[in-house]
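Q: Can you walk me through this one? I'd like the ground rules first, then the details.

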Amino acid sequence: MYLYGSPQNSVLMDAHKDLNEGLRDGIFYRGRILIAVTMEVYSSISAIHSTKDKSAKSALSKFKLKTKSKKSISKSKIKEESSSQNEGEGGANPQEQPSTVEVEVEEIHPVPESLAGEKEEFLLFASFFEATMIDTSVGSHPVTFEVSIGNYGKLVEIVTKKKKEGKVDDDEEKRSLLDSKDSDDELENAEISFPPKQNSITPPTKAEYTEFDRSYCCIPYLYEKPCVYVWSSWEDYSWRLYNSNLLAKIAERLEDGLDEVAHMIKRPKSESHTQLQQVLNEFVAGCRQYHIYTEKKTTSRPNNLDRCRIKSLKHNIIVYAKQALRIMKRLNKKNVKDQLSEAHKLLEKIKKRVEEPQTPIPDVFIWMLSNGKRLAYARIPARQILYSVAEEEKGKDCGKIQTIIMKAPGAPIGDIFAKLELYMWLGVTKSIKNNLSSLPQEFVPVYEEGARRTETSLLPPIKLNSD
C-alpha cells in the first residue's frame, strides 16, 4: 500500500495536513507499508469472548474490548444488575453493544526484504514536447521539470535556515516545531544533489510570454525536446495492472460507443438502434475475450485478495455480458433511449471494477521548479503509461504524446498553472529497446557523450532533435 500526502517536513502544524487526512489527493510520495488485514464478523460481544480462546489469532489485527479498571468493572456490574431487573419487569432484551472498541495489533518478527517478491528494475522515460499556458507568476526565472516515481528521481532537498551557533533553547525549539509557516519551506530547494543513475530533471530554461497573449508564458521547445529518465526497483506484479488495463479498455470502448449512439439519437432518421446493437455486440465479445484471458493468464505469487478478485471478476464479467444480451433482445427503434440508459448503468458497473486495490507501482509525479521553489505538479497513475508486448495490456497513454494539466499545491479543482505535451513510457529493463518505438520518425534521439550503447544495455537519450 503506497502512501501520499503533504511535503515531508519537520513541523507539527502542517500547512497541508488535510492531504494526510485523505481530504484531497496527496502531492508527495511518502512511503509504503506491507499490511495484512483480516475481519471477523460476530453476532454479539459475548460471541467474541466465547470464540476468542478457541480460534487462532489473525495475521495482524483483531477487534477486542478495552481492559477495564476495577472501578469500571464494579460500575458495569451495577448496570448489568439494573438492566436485568428491568428485563424481569417485562422489558425486551436490548441489543448488546460494546462501550469502546479498539484494534489490537500483534507483535511480529521483522519480515525479510524478499517477502513481497523479487524486485525488477523499471525504466521511466519522458520527453517534453511542449510547455504552454504557464502562469505569469514564474516571471523571468529559469524553469525546470522534475519526474519521479516513489523516492526515485526526487531531488535531494536540504532546507537551510539561519540559526545562531550554540545550543538552542527548549522554548525556541518548540516554537519552531509548532510554526505552521515553516511547512511551506519544504517546497523550497536550498541545496540540490542528484542521485546516481538518474536524469530526472530538465535543463533550466526561461519562460517567454506568448506572442499574441501576454497573460500566459511558454517554454520554446522548438527543435530540441529534453528527455528525462528514472531507474527504479519494484516487486514485479505488473500482471495486476495489465488486468486493470484490459478492463479499462473494455469500459473505454463501451463508453465511446454509447456516446456515439447518444449523438445519433439527436439526428432524425439515424439508425441509432443498429449502432447500439453493434456497440453491445462488441462489448459482449470483449467480455468473452477477457474471460478467456483470465483462464489462460498465469499470475506470479498471488495472495488471497488476488485470487478473490480474479474469481469475482470472472463471475461478474459473464454477468455483464448476459445483461448486455438482454438489452439487445429488448432493443427496438422506439425504446432506444431507455435501453441506452440501461447500457450506461452497465458501464458504471464495469468502471467500478477497473482499479486495482493492490497497486504494485506508485504513481508518477511531475513537478515544475523555478527560483528554488516547487510551483506546480501533476500526478499520473503508473498503469496508464505501463508498457506490455500485448496491446490490450498496455496503458492507454504508454508511448503516446499526451496532454497533462499541472496545478499549484492547494489550488481549487479546474485551476491551471501550466499545460504540458509529454511522451511517457514505463517498463521493465528487458523491454527498454521499445521505449522509443512509438515516437514520430522525424525525431532523432541524442545520447549523452561517451555513453556506450550495446544490444543488452540501452541508455535512454537525453534529448530529441527534430529534422
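The chat below goes through the fold, the core, a sheet and some salt bridges.

Q: What are the ground rules?
A: This is a predicted model: local features need pLDDT of at least 70, side-chain atom pairs count only at pLDDT 80 or more, and totals for chains, interfaces and linings use all residues. Residues are numbered from 1 along each chain as its sequence is written, and side-chain values use heavy atoms, with hydrogens and water left out.

Q: How many helices and strands are in the chain?
A: Eight helices and 18 strands. Both are DSSP runs, numbered from the N terminus: helices are H or I with at least four residues, strands are E with at least two.

Q: And what share of the chain is buried?
A: Buried residues make up 40% of the 467. Buried means under 20% relative accessible area, exposed over 50%, partly exposed in between (1.4 Å probe, protein chains only).

Q: Which residues touch the most other members of the largest nonpolar core?
A: Phe 145, Ile 366, Met 368 and Met 424, out of 84 residues. Helix H5 (residues 238–266) gives the largest share, 10 residues. A nonpolar core is a set of buried Ala, Val, Leu, Ile, Met, Phe, Trp, Tyr and Cys residues joined through side-chain atoms within 4.5 Å.

Q: Switching to sheets. What is the strand order in the open sheet of four strands?
A: E9-E6-E13-E14, with antiparallel pairing. Strands E9 (205–206) and E14 (373–380) are the edges, each pairing on one side only. Two strands pair if DSSP finds at least two bridges between them.

Q: How many bridges join E6 to E13?
A: Seven, between residues 142–149 and residues 364–370. Glu 146 stands opposite Trp 367 there.

Q: Now charges. How many salt bridges does a search of the whole structure find?
A: 16. The rule is a side-chain nitrogen of Lys or Arg within 4 Å of a carboxyl oxygen of Asp or Glu.

Q: How far apart are the closest N and O atoms of Arg 309 and Glu 356?
A: They are 3.1 Å apart. Arg 309 lies in helix H7 (residues 304–330) and Glu 356 in the loop between helix H8 (336–351) and E13, so the pair ties together parts 47 residues apart in sequence.

Q: Is that Arg 309 buried or exposed?
A: Arg 309 is buried, at 13% relative accessible area. Glu 356 is buried too, at 8%.

Q: What about Lys 345 and Glu 342?
A: That salt bridge has its closest N and O atoms 3.5 Å apart. The two sit three residues apart in helix H8, so about one helical turn separates them. Lys 345 is partly exposed at 49%, and Glu 342 is partly exposed at 31%.
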